[in-house]
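Me: Hi! I've just opened a structure that is new to me, and I'd like to talk it through with you.

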Amino acid sequence: MGLLSKLFGRSRETDDERELRSYEEQVYDHSTAPQPTFTANGESVFEISDTFTISGRGTVVTGTVTSGSFSVGDMVSVNGFDTTITAIEQFRKQCDTVCEGDNAGILLRGVDRGIVSSGDLIIKK
């Protein structure tokens with residue numbers, strides 16, 4: 001920035017660049033970013049980010065495996081409600097198992113959408 005710009009408060013930054021900079025500052029503010037949840041006792045944990053209802057199939061939860069692994073047919077617990085994993089899908093591809101760090105959608109048997117919400121944890125039994 002030049003001397004005159006400093007004196008008169010003018011910058012060479014365009015409105016678009018200023019808006020982009022303020023957006024990036026908001027997005028990359030790590031002080032308010034949610035921290036992943038990990039368990040110390042070796043449990044398999046899936047953190048839910050969103051829920052959907054598919055007519056004729058049931059409730060699908062999407063999120064990330066924060067520790068361990070999950071497979072189709074595993075008994076799991078979510079908010080004290082025991083259920084079974086019916087299907088697992090990653091990026092529109094059916095799979096049998098997901099491991100730590102994977103993003104996936106999990107179809108849960110007999111779970112009403114009102115039982116689960118964003119931020120809940122699915123724990124493998």
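This is a predicted model: local features need pLDDT of at least 70, side-chain atom pairs count only at pLDDT 80 or more; totals for chains, interfaces and linings use all residues.

Me: Let's start with charges. How many salt bridges does the structure hold?

Reply: There are two salt bridges in the structure. One of them joins the side chains of Lys 124 and Asp 74, with N to O at 3.4 Å.

Me: Where do Lys 124 and Asp 74 lie?

Reply: Lys 124 is in strand β9 (residues 121–124), while Asp 74 is in the loop between β3 (69–71) and β4 (75–78), so this pair ties together parts that are 50 residues apart in sequence.

Me: And is Asp 74 buried or exposed?

Reply: Asp 74 counts as buried, because its relative accessibility is 15% and buried means under 20%.

Me: Thanks. Which residue forms a salt bridge with Lys 125?

Reply: That is Asp 82, and the closest N and O atoms of the two are 3.4 Å apart. Lys 125 sits in the segment after β9 and Asp 82 in strand β5 (residues 81–90), so parts 43 residues apart in sequence are tied together by this pair.

Me: How accessible are Lys 125 and Asp 82?

Reply: Lys 125 is exposed, at 61% relative accessible area. Asp 82 counts as partly exposed, at 43% relative accessibility.

Me: What can you tell me about the hairpin of β4 and β5?

Reply: That hairpin has two residues between the strands, and Asn 79 takes a positive phi near 55° there.

Me: And how does β5 pair with β6?

Reply: β5 and strand β6 (residues 93–95) pair in the antiparallel sense over three bridges. Glu 89 has Gln 94 as its bridge partner in β6. These two strands also form a hairpin with two residues between them, where Phe 91 in the turn has a positive phi of about 50°.

Me: What about β5 and β8?

Reply: They pair in the antiparallel sense over four bridges, with β8 covering residues 103–108. Ile 88 has Ile 106 in β8 as its bridge partner.

Me: Changing topic: which residues of the largest nonpolar core touch the most other members?

Reply: Those are Phe 46, Val 61, Phe 70, Leu 108 and Ile 122, in a core of 17 residues. At least two core residues come from each of β1 (45–54), β2 (58–67), β4, β5 and β8. The largest share, three residues, is supplied by β8.

Me: What is Val 61 in contact with?

Reply: Leaving aside neighbours within four places in sequence, Val 61 has contacts that include Phe 46, Ile 48, Ala 104, Leu 108, Val 116 and Ile 122.

Me: One last thing: where is Cys 99 found, and what does it touch?

Reply: Cys 99 is in strand β7 (residues 97–99). Not counting residues up to four places away in sequence, Cys 99 touches Val 65, Gly 68 and Ser 69. Val 65 is 34 residues from Cys 99 in sequence, yet their C-alpha atoms are 6.4 Å apart in space. At 40% relative accessible area, Cys 99 is partly exposed.

Conventions. Residues are numbered from 1 along each chain as its sequence is written. Side-chain values use heavy atoms; hydrogens and water are left out. A salt bridge is a side-chain nitrogen of Lys or Arg within 4 Å of a carboxyl oxygen of Asp or Glu. Buried means under 20% relative accessible area, exposed over 50%, partly exposed in between (1.4 Å probe, protein chains only). Two strands pair if DSSP finds at least two bridges between them. Contact means heavy atoms within 4.5 Å. A nonpolar core is a set of buried Ala, Val, Leu, Ile, Met, Phe, Trp, Tyr and Cys residues joined through side-chain atoms within 4.5 Å.
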